[in-house]
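Let's take a friendly walk through a protein structure, one piece at a time. Keep the picture open beside you as you read.

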Protein chains: 2
Amino acid sequence: MRPTRVALLDGGSMAIDGYKVYWNRGPGGDIRFPVYSVLVDHEDGLFIYDTGFDLEHMTKFVPQDQAIQAPDQTLPGQLAKLGLKPEDVTHVLSSHLHIDHAGGHKHFPGATVVVHEDEYAQASNPPLFEKLSYSDLNYDAVLTAKRDKVEPPAGAFEPKYRFIRGDVEIAKDVWLWETPGHAAGHYSLMVKPAGRRPMLFCGDVAMTPRNLELLCLGSFHLDPTRAIASLQRVIKLAEEHDAEIFCSHSMPDFVTWKKAPEWYE
Amino acid sequence: MRPTRVALLDGGSMAIDGYKVYWNRGPGGDIRFPVYSVLVDHEDGLFIYDTGFDLEHMTKFVPQDQAIQAPDQTLPGQLAKLGLKPEDVTHVLSSHLHIDHAGGHKHFPGATVVVHEDEYAQASNPPLFEKLSYSDLNYDAVLTAKRDKVEPPAGAFEPKYRFIRGDVEIAKDVWLWETPGHAAGHYSLMVKPAGRRPMLFCGDVAMTPRNLELLCLGSFHLDPTRAIASLQRVIKLAEEHDAEIFCSHSMPDFVTWKKAPEWYE
């Protein structure tokens, strides 16, 4: 049996105001933060959790977020560092379908996309304040058409989905924990590499450790009451499983982590 | 029959960051805004919609909001300008029970407090991110004890409530429209003075006209999906009734309005 290992794929960075990172608390001023994907090399397949943003889309539709992405920070570029190709990825695990977490799904048209069923439903019909967050559904022409309330073009591409809800062990020691609030259907990922304690990737439940420390939400959210419960859940999960929490967007932490071509094994 | 008239009672001002007024949009930087109450002199009674903040409480618990309130900006001071006393008020109509809308309820222990039943329930058990918003329930020792999960002191004072839900015509041409999202149970007030078009006080559905123009929520909210629907509802109500919208916290507008001792008649 192949031992499970994990690599972090650097997807570039963005910058937003501190009031967007720390809801109603701030302080204000630009905070530049990393965007990354988690690659899980497992006996049962090659899983990628989140796929970052698409630079062209961000530059065109969200220029205020000042996205930066070097050519080797694209997913093909990052996978190449590990001697891998996009076609090797068998499953895309979505924390949620926001613009900076699903922008690279298009690189994996042959993979199964595992996503919360409520998240797919929300992306297909977002409220006004989430429209920009779901503006990049380019990996699924059928979903894009649903969202835009138009007929999908003939032969429109739709990836293979596995819709889930509740907590799911996707493969041995690879858990998706249901942590909604930031988005309608949001999953945190916990993986136990062969030779180290579990890694808990909490997605946008906590952009940074300060969100956890203060129990302060990020300012982008659908349901703050559920989001607070998810923050508390992540803290509890980490305690219960002796897991290390990896927040989604913390530059001071990200610079200290191992990144591809290195592995956590 | 006494003709209905309306007076605006200046309750002082506060200042918060622009990202708190315009959720995820800003720009940042302090915005100073007015806090006011609406007095409705009606055949059926003397109604007050919202009661502003208590300066002592704000200074102690929310110093970051930089509350300013001159002695004549308290409710007794404002009512005196009209030749009235707090005891003359028969009904307190609550948009919601947040700190800057219910801080003066204590001046009216003999009045009936009209409030959405969901709002009372929420105030009695707020989530973490709303605790500060419901920190000033000093007008009701029983509710305060419920919130704090302690036994109420013997003989604790509880005002007389009228709990409502849905749209309610409280008196002829005095409407409370259900507009939730900012808070669990939130009401906008519409009044038709005898000699002018209806006045629609939308509470914290829209702190300023820019919230309405951009369909941008304020950043303090419980349920942004319902809050967006309430923004759209206020716009529609104003159109349907040819009503003038009065936002809750817009200084550029407030300085142009008539204030007590003047009346809108």
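Which residue of β4(A) is the bridge partner of A:F47? The partner is A:H91. Before we look around that pair, please keep in mind that this is a predicted model.

## The sheet in chain A

A:F47 and A:H91 form one link between two strands. Strand β3 (residues 45-49) of chain A and strand β4 (residues 91-93) of chain A run parallel, and three bridges join them. Strands of a sheet pair through backbone hydrogen bonds, either parallel or antiparallel. You can find both strands in an open sheet of six, with the order β1-β2-β3-β4-β5-β6 (chain A) and mixed pairing. At its edges are β1 and β6 (160-164) of chain A, each pairing on one side only. Ignoring direction, neighbouring strands of this sheet are turned by 20° against each other on average. Helix α4 (residues 117-124) of chain A packs on the sheet, where it touches β5 (112-116) and β6 of chain A. The direction of this helix makes about 90° with that of β5(A).

Strand β1 (residues 5-17) of chain A is mostly covered, with 10 of its 13 residues buried. Its pairing with strand β2 (residues 30-42) of chain A is antiparallel and extends over 11 bridges. Within β2(A), A:V38 stands opposite A:L8.

## A proline in strand β2

Strand β2 of chain A also holds A:P34. Is A:P34 buried or exposed? A:P34 counts as buried because it has 23 C-beta neighbours inside 10 Å, and the cut-off for buried is 20 or more.

Which residues does A:P34 touch, not counting residues up to four places away in sequence? They are A:D10, A:S13, A:H249, A:M251 and A:F254.

## Helix α7 of chain A

How far apart are the end C-alpha atoms of helix α7 (residues 224-241) of chain A? They are 25 Å apart. This agrees with expectation, because the 18 residues of the helix should span 26 Å at 1.5 Å a residue.

Several residues of α7(A) are buried: A:P224, A:A227, A:I228, A:S230, A:L231, A:V234 and A:L237. An α-helix has 3.6 residues a turn, so residues three or four places apart point the same way. The buried residues of α7(A) pack against β8 (174-178), β9 (187-191), β10 (199-201), α6 (209-214) and β11 (244-246) of chain A. Just after the helix comes A:D242, which takes a positive phi of about 50°.

## The sheet in chain B

Chain B has an open sheet of six strands too, in the order β1-β2-β3-β4-β5-β6 (chain B) and with mixed pairing. Here β1 (5-17) and β6 (160-164) of chain B stand at the edges with a single partner strand each, so one side of each is left without a neighbour in the sheet.

Five bridges join strand β5 (residues 112-116) of chain B to β6(B), and these strands run parallel. In one of the pairs, B:T112 has B:K160 in β6(B) as its bridge partner. Helix α4 (residues 117-124) of chain B lies across β5 and β6 of chain B, at about 90° to β5(B).

## A buried loop residue in chain B

The loop between β10 (199-201) and α6 (209-214) of chain B contains B:V205. With 34 C-beta neighbours inside 10 Å, B:V205 counts as buried. Leaving aside neighbours within four places in sequence, B:V205 is in contact with B:T179, B:H182, B:H186, B:S188, B:S230, B:L231 and B:V234. B:V205 and B:L217 are 12 residues apart in sequence, and their C-alpha atoms are 7.5 Å apart in space.

## How the two chains meet

A rotation of 180° with 0.0 Å of shift along its axis superposes chain B on chain A, with an RMSD of 0.0 Å. That is the relation of a two-fold axis. The same surface serves both copies, as 100% of the contact residues of chain B recur in chain A.

The contact takes 19 residues from chain B and 19 residues from chain A. On the side of chain B that touches chain A, the elements giving two or more residues are α1 (18-21) and α7 (224-241) of chain B. Of the elements, α7(B) gives the most to this side, with three residues. By class, this side of chain B has 11 nonpolar, five polar and three charged residues.

Methods. Residues are numbered from 1 along each chain as its sequence is written. Chains are lettered from A and ligands numbered from 1 in the order in which they are written. This is a predicted model: local features need pLDDT of at least 70, side-chain atom pairs count only at pLDDT 80 or more; totals for chains, interfaces and linings use all residues. Copies are superposed by least squares on the C-alpha atoms of residues with pLDDT of at least 70 in both. Two residues are in contact if their C-beta atoms, placed from the backbone, lie within 7 Å. Helices (H or I, at least four residues) and strands (E, at least two) are DSSP runs, numbered from the N terminus. The expected span of a helix is 1.5 Å times one less than its number of residues. A residue is buried if 20 or more other C-beta atoms lie within 10 Å of its own, exposed if 12 or fewer, and partly exposed in between; C-beta atoms are placed from the backbone. Two strands pair if DSSP finds at least two bridges between them. Ala, Val, Leu, Ile, Met, Phe, Trp, Tyr, Cys and Pro count as nonpolar, Asp, Glu, Lys and Arg as charged, and the others, Gly among them, as polar. Axes are lines fitted to C-alpha atoms, for helices over the stretch in contact, and angles run from 0 to 180 degrees between N-to-C directions.
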